[in-house]
Every structure is written in C-alpha cells, then in structure tokens.
Amino acid sequence: MLGFGKRGSADKSPRVSAKLCTGRFNGKYPHVGLYDCRERKVWVAKPLDGQAIRTAHAALITGADNATSTVWKDRFLCYWFYTPRTGEGYVQGYPIDWDEAHLLVRIDPQWDYDRQRMILAELQDQIDENLERQMRHGERIWDFFQQCPLKYPMNLHYIGQRTTDSQFYVKRLDRGPK
C-alpha cells in the first residue's frame, strides 16, 4: 500500500542489462564487460551476433538513452577481454603477445568510481589512493576470470588514457598450452 520495497519509476539508477550481459563466461569469445564498483559484480557481454568485443560499454547499461548512458557508465569500471589470437597490434604503443589472452582494465587516475567524483590533479595523495582502489577492483575482475574454465594463458593490464597512466603485464595466469 505504501510502496515500501518496490522499484518505482523514480528509481533511475544505472543497471547492467541482463539481456546483453551475463555473470558467467565460458572462455570461448572476446568481449567487453563492466565491473559494478558498488555491487562488486563482474558483467560479461553476451556474444550476440559474434560482436561482443565491439559493443560499446555504455550500451550495456539499462534505463538510459544514448545521452545519459555515457555518464552512467562512470559508475562501472570497463574492461576488454581478448581470447588468444583475437587482438592485433600495439596497445598504446606497447607490444602485446596476442597468442595469449589479455584482460585490459580501464583505469582513470582522476575519476573516483566509488565516490562518483573527479579528483583534482594537484591532489596526488588522493589520486594514488584512488588508483589503488581501482586496481583492487581490477584484481576482482582478474579473480573472476581465474575461476572461469580457461584453457590458455592470460595476462592482466591496466589501461589509462595515456601510456604513462598504464601498467602492462601486471599479472599472468599460465594455464594450458600457449
């Protein structure tokens, strides 16, 4: 009668689309994904028409139109997962061995995903703490993939807007033949 516990139309918080994403991964296709920093959940884009790696991260979020989904995306840490031999070239000028799997997690020194706010560039101590939190979130994404039935080696990279903000080959899981 009073509406307690119901999700009304007033709830405009961003959510990941269950139609486009899943909380499971079989290891068979490259994809983009989201990590919900509030709920600490990894979301994997489903292989709809075999284009899961080319899907825009913002398109995976429900309850938004194109104008607002990009803003709502800032609650979620974005990542790309490439299965062996599905990527090519350099990542920000850095050579990658595409015969292996690669988990690329986006980091941003000045955006605080947990508190939903910008950090001024001159506040270096806060930026350092923020990056540490983002890397802990990245570790949770890494742990998710370690639990998946992967039969190939996998590497973790943190990718910032600039090469100097990035860290390559942070972790490696050596599983199966190369």
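I began with the contacts of Asp36: setting aside neighbours within four places in sequence, I found Lys41, Trp43, Arg75 and Phe76. I note that the model I am reading is predicted.

I next looked up where Asp36 sits, and I found it in strand 3, which covers residues 31-36. Is Asp36 buried or exposed? I recorded a relative accessible area of 3% for Asp36, and since the cut-off for buried is under 20%, Asp36 is therefore buried.

I then turned to the polar partners of Asp36. The side chain of Asp36 makes a polar contact with the side chain of Arg75, at 2.7 Å.

From Asp36 I moved to the pairing of its strand. Which way do strand 3 and strand 6 pair? I found them antiparallel, with 6 bridges. Within this pairing I located Gly33, whose bridge partner in strand 6 is Tyr79.

I examined strand 6 itself, which spans residues 76-82.

Lastly, I followed strand 6 to its pairing with strand 9, residues 101-106. These two strands are also antiparallel, and I noted 4 bridges between them. Here Tyr82 stands opposite His102 of strand 9.

Conventions: Residues are numbered from 1 along each chain as its sequence is written. This is a predicted model: local features need pLDDT of at least 70, side-chain atom pairs count only at pLDDT 80 or more; totals for chains, interfaces and linings use all residues. Side-chain values use heavy atoms; hydrogens and water are left out. Buried means under 20% relative accessible area, exposed over 50%, partly exposed in between (1.4 Å probe, protein chains only). A polar contact is a pair of N or O atoms within 3.5 Å; within protein, one must be able to donate a hydrogen and the other to accept it, and residues adjacent in sequence count only if both atoms are side-chain atoms. Contact means heavy atoms within 4.5 Å. Two strands pair if DSSP finds at least two bridges between them.
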